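Hi everyone, thanks for coming. Please take a look at the structure on the screen, and I'll walk you through a few parts of it.

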Amino acid sequence: MTTRAASKSSTPPPTTPGVEPRVDARIEDDRTGMDDATLKRAFLDHLSYSLGKRAANSTDLDRFFALALTVRDRLTYRWAQTQETYSKVDAKRVYYLSAEFLLGRALANNLQALGIYDRSKELLRGAGLELSDLLEDEPEPGLGNGGLGRLAACFLDSMATLGYAGYGYGIRYEFGIFEQEIKGGWQVERPDEWLRFGNPWEFVRPEYAVNVSFGGRVEATHDDKGQPVARWVDTHTVLGVPFDTPIAGFRNDTVNTLRLWQARAGNEFDLKVFNDGDYVRAVEDKNSSEVISKVLYPNDQNQAGRDLRLKQEYFFVACALHDIVRRYKKTHKTFDEFAKHNAIQLNDTHPAIAVAELMRVLVDLHRVPWDRAWEVTVATLGYTNHTLLSEALERWPVAMFERLLPRHLQIIYEINRRFIRSVIARFPGDDARVRRMSIIEEGAEKKVAMAHLAVVGSHAVNGVAALHSDLLVRDVLRDFAEMQPAKFSNKTNGVTPRRWLWHCNPRLAALISEAIGPEWVTDLDRLEKLAPLADDAAFVEKVAAIKKQNKADFAGYAAATWGFRFDPDSLFDVQIKRLHEYKRQLLNALHVIRLYLDAKRDPKVLAAPRTVLFGAKAAPGYRAAKLIIKLINGVADVINGDVDLEGRLRVAFLPNYRVSLAERIIPAADLSEQISTAGKEASGTGNMKLSMNGALTIGTLDGANVEIREAVGEENFFLFGLTADQVQDLQRTGYSPRAVYDGNPRLREVIDLVASGFFSADDPALFRPLTDHLLAHDTYMLLEDFDAYVACQKDVSDAYLDRASWHRKAVLNIARMGRFSSDRTIREYAKEIWGAEPVKIDLRGHDGG
């Protein structure tokens, strides 16, 4: 074990008689040095002194922590320099407020960002260790439910890589999205205890804790100048404690901050009550406070759950805004330049309460006049809408606001009063429009329309795909767009190529770098240089070989993990996404049943063997979604157990879908299922990740599918189904799913087989709720699209038989995915919404190398 080296000094080393003087050479600091010897020394140092272990008796988890802490030291050095530089140049700071940040594991990503992944692998191998083993021991933070949280993580990566002064704000959930087990075909939820072994990446910052108030009442009074003042009094206070995680840019020395807030009690323990013998009540305040950051998305089927959701949203917004204002006030006396130096982006409606909270902070706490405060608020905030589903546009009962956030309700009423006055002035006599645009929805129960609040209180509103943004303007937010058209724009989502190609598919990444150079990792448009190679048979064969090896790897993993058996030569047909009826996993299952029935009658139907893979979690209270999971598993049991098929059709539901599992599946996928009902998916990002890794897409003209098809070419995309306009027309004129069923014997056979109990022998009526709903309502038009989907799947099978042509199409998909990098998306936000410029971080001249 080598002792920690001293930092560089100009003083000559002391000499000893009879000993040659030591050559004065710089020895890099163990905390910051990047040479092999220093990295090895730092790793052993952390193992011994941070973890109290010797190499001989350390576990894989110990070694993971030692390596993570070694990496964290180097990030922390760059982190401090980054923040110092932002302050020095007075950079415009961008704050991304999101209820979800689905980061995935961090160690491999950070090693890649620092440029020491391969060296670390070799250094560990030299010590008889495998980096891959350590990576698997990293706990995975499930702080998101799907695309929303994963998008937020991609955006943080891109902001850091591009050099924008970006910050993420959210909640440090003690338990993330649940861990999913499949028992008897049913989803069973277990708590996601991602913190049980600790988190080596985060730093707690108690000095920046924030007091957050709930409940109480509003007292009207006057200040010392006689001006009216609203005082929010008799409140219950919760303490928000920040935990910071470094977000590394790719090899540019930028390290930004994700600050997540944990709820703690303002008064954790009542000693008097405890001494009186009431042990439960002594910690009552602690328990009621800390539940706020306990679980991601508590079940809101009951009032307590709904209260908790609103508390969570206000909690992290209040903490974030307090922090932003604190940072700004360190160098500014007034709020005149607040919007010039700060941009706050609301990731969907969860943080929409920021409109009212920023007004409260400015008006009540800093005595900014209302009109000026409103100008500052609107100029600072931007709102990204992520959904076209009415039920997902949050509406909170006024009575809840009165009980939990009474001052905010007053502010919202005043915002609405002034806004409605402007609507009436613009559209006199149009009472229906006024009702539609009001932030306060009238009805049997008055509600606050949070999307309306976000639109009114932001200077920019954007959708996340061209079709989605068009539908927002045409339908969901039409009245607002007619009143302020310049406020609306599109910012098509993207994904970071660092995680979703460079890291997760190293074989393909290496081939691409060999062909066009490595610069594509931070400039994905360079992938277009691969397009001519689609006509190079040797290159196409290399891509095909990589895909085959990735499939073999995943088949091996599935066999070792779950006992599933897949043929790597079969077509890997993949649908991996949050389970919701509009995403139509059920349509996929119906096609599988149709394919099974056809193959039983004619084995040649499976000339192209197929493995159908599902990965999805259903919300714990979403009964229909959980029943669909049970059906998929029932179908899998029947098909996989049918010896007549000889393994040419296999079906598997992959348990506990998460980021790390996606990183294994996506490089192995041949076919990407993007089959949502047109007009329902805002964008989708899984479609981008899969196409970027050489999967061909079967999909509808929905979300970003439209732009992906446009980019890769119609001939390289399997299109089926109704368009968004056709869906709306059919809804308007009257859709009869029963008539579709009656007129389609091939569909009828499938539905009847499900309803008969064929896939649920122990409970023949189990799946009747699914089939009954399809026949009576079919909200998402599965039956209408069924024939087109089945025919398109036949085209897929035929195309897969010509492997050379298939892999040529795959190369063109990869080559034309440049526009779907989150780097492009962030540049558009920065230029068109935030007004932010990148900042270069320079480590030269600072100790540590």
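In what order do the six strands of the open sheet come? The order is 20-19-18-21-22-23, with parallel pairing. Before I go on, a word on the source: this is a predicted model, where local features need pLDDT of at least 70, side-chain atom pairs count only at pLDDT 80 or more, and totals for chains, interfaces and linings use all residues. Residues are numbered from 1 along each chain as its sequence is written, and side-chain values use heavy atoms, with hydrogens and water left out.

Two terms for the sheet. Strands (E, at least two residues) and helices (H or I, at least four) are DSSP runs, numbered from the N terminus. Two strands pair if DSSP finds at least two bridges between them.

Now the edges: strand 20 (649-653) and strand 23 (717-719) each have a single partner strand, so one side of each has no neighbour in the sheet. On average, neighbouring strands here are turned by 20° against each other, direction ignored. For such angles, axes are lines fitted to C-alpha atoms, for helices over the stretch in contact, and angles run from 0 to 180 degrees between N-to-C directions.

Let's stay with strand 20. It pairs with strand 19 in the parallel sense over five bridges, and Leu613 stands opposite Ala652 of strand 20. Is strand 20 enclosed or open? Five of its five residues are buried, so strand 20 is largely enclosed by the rest of the structure. Buried means under 20% relative accessible area, exposed over 50%, and partly exposed in between, using a 1.4 Å probe and protein chains only. In a regular strand, side chains alternate between the two faces of the sheet. Here Leu649, Val651 and Phe653 point one way, and Arg650 and Ala652 point the other way.

Further along, strand 18 (residues 571-576) pairs with strand 21 (residues 671-674) in the parallel sense over two bridges. In that pairing, Val574 stands opposite Ser672 in strand 21.

What lies across these strands? Helix 32 (residues 782-801) lies across strands 18, 19, 21, 22 and 23, running at about 155° to strand 23. Contact, by the way, means heavy atoms within 4.5 Å. Have a look at His591 too, which lies in helix 23 (residues 585-601). His591 is buried, with a relative accessible area of 4%. Leaving aside neighbours within four places in sequence, His591 is in contact with Arg610, Phe786, Tyr789, Val790 and Gln793.

On to the rings. A search of the whole structure finds 27 aromatic pairs. Rings of Phe, Tyr and Trp (its six-membered ring) pair if their centres lie within 6.5 Å; planes under 30 degrees apart count as stacked, over 60 as edge-to-face and the rest as tilted. Take Tyr96 and Phe155: their centres are 5.7 Å apart and their planes at 75°, so this pair is edge-to-face. Tyr96 lies in strand 1 (residues 93-97) and Phe155 in helix 6 (residues 147-162), so the pair ties together parts 59 residues apart in sequence. Tyr96 is buried at 0%, and Phe155 is buried at 0%.

Helix 6 itself is mostly covered, with 15 of its 16 residues buried. Gly163 follows helix 6, and its phi is positive, near 90°.

Finally, ring pairs link Phe554, Tyr557, Trp562, Phe564, Phe566 and Phe572 into a cluster.
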